[in-house]
Amino acid sequence: MKLSKRLALIVACALLGLILMAVYALSTLRTEMLDARRHEIQTVLSLATKEVAVYQEQERSGKLTHEEAQARAVAALAGMRDSKNYIWARTSGALGLVHPNQDVIGKVDWGKTLSNGKSNFQTYLDELANKDFAFFDDISKRPGTGVEAPKIKGKKKIPGWDWIVGFGAFVDDINEVYWAVAIKFVVIGLLVIGAVTAMATVMARGIYRRLGGEPEYAAEVALAIAGGDLSRRLDVHGERDSLMAAVARMQTSLRDMIERIQQGAHHVAESSQSLSEMMSQVGEASRQSSDATSSTAAAIEELSVSID
């Protein structure tokens, strides 16, 4: 695999890691924000239940009649509201007790019918059949604007009086915060990826300049030279002091040195052959000299016999 592809793979892995981290962080952020909103709803309903419990206790102690206790509880719950948020209360028969819309008070309203054929309020009753508290995700219109927005609603039973109190909070602001943070993550991720890509590009160019080619090609050439192959043509890129340029010079130097050695060996062979011929001539001259000496000795011996 080429060095450029390896560096591109590193950048891709970094990008994937950033995406996974961003998805996890955004998911965790959204979950925590929704959990915090649910905790707020549960806290408000818990306070409302304790407020009602005060008047229930006064009823049990005989300080207030049943009607008086409920009337004061209704007044207390009606006072727990502001311009945007409020607590409502109904009986299990959907009779309105507390609501900012006075037209709802004293009337039975089961709410809109859902796709399963049940009304909103009947769904609340079914969910609260075996527990005292439940959350419901719904779409409601914002007061004053009429714009529909996602909303989390909490419902809680009032033991002893057969009441159900509720409180809700819109969560479209959570979505806005979520997407605002998501956009920031995207911008930061793009900046990080840009920086990593730039660094990888600079590193790749620096490595290519120092190597003079791909690392695999440099290793292949070095193994070929180590195996005695000095004939291949090297493809050198980059600076004169790069690794491949040095390998090319080394290959040229080794080739020249071997050629000089071969030439020297050829000269030595020629000199050896000349020396061998000269030794043959010397040997022939020595043989001839020996024969002459023998002939001379024989002649002297014959002359000596003649004299005697």
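**Entry 1: threonine 91**

I began at threonine 91, which, leaving aside neighbours within four places in sequence, is in contact (heavy atoms within 4.5 Å) with Leu97, Phe121, Asp162 and Trp163. Before going on, I noted that this is a predicted model, where local features need pLDDT of at least 70 and side-chain atom pairs count only at pLDDT 80 or more, while totals for chains, interfaces and linings use all residues. I also noted that residues are numbered from 1 along each chain as its sequence is written, and that side-chain values use heavy atoms, with hydrogens and water left out.

Threonine 91 sits in strand S1; helices (H or I, at least four residues) and strands (E, at least two) are DSSP runs numbered from the N terminus. I found threonine 91 buried, at a relative accessible area of 18%. The cut-offs I used are under 20% for buried, over 50% for exposed and partly exposed in between, with a 1.4 Å probe and protein chains only.

Most residues other than glycine have a negative phi.

Alanine 94 belongs to the loop between strand S1 (87-91) and strand S2 (96-98), and is buried at 0% relative accessible area. Aspartate 162, one of the contacts of threonine 91, belongs to the loop between strand S4 (148-158) and strand S5 (163-170). Aspartate 162 is partly exposed, with a relative accessible area of 48%.

**Entry 2: the largest pocket**

How much space lies in the largest pocket? I read about 770 Å³, a volume being the space filled by probe spheres set on grid points that are joined across faces, edges and corners. A pocket here is an open set of points on a 1 Å grid over the protein atoms alone, where a 1.4 Å probe fits, with protein on both sides within 12 Å along at least five of seven lines; lining residues have an atom within 4 Å of a point.

The lining has 29 residues, and Tyr86, His99, Asp138, Ser140 and Lys153 lie nearest the centre. At least two lining residues come from each of S1, helix H3 (120-127), strand S3 (133-141), S4 and S5. By class I noted 11 nonpolar, seven polar and 11 charged residues; Ala, Val, Leu, Ile, Met, Phe, Trp, Tyr, Cys and Pro count as nonpolar, Asp, Glu, Lys and Arg as charged, and the others, Gly among them, as polar.

**Entry 3: helix H4**

Helix H4 (residues 172-211) has 40 residues, and its end C-alpha atoms are 57 Å apart, in agreement with the 58 Å that it should span at 1.5 Å a residue. The expected span is 1.5 Å times one less than the number of residues. Its buried residues include Ile174, Tyr178, Gly189 and Leu211.

Leucine 211 has 18% relative accessibility. Not counting residues up to four places away in sequence, leucine 211 touches Ser242, Leu243 and Met244. Its C-alpha is 5.9 Å from that of methionine 244, 33 residues apart along the chain. Glycine 212 follows H4 with a positive phi near 80°.

**Entry 4: helix H5**

H5 (residues 215-226) has 12 residues and reaches 16 Å, close to the 16 Å expected. Which residues of H5 are buried? I found Ala218, Val221, Ala224 and Ile225. Just after H5, glycine 228 takes a positive phi of about 95°.
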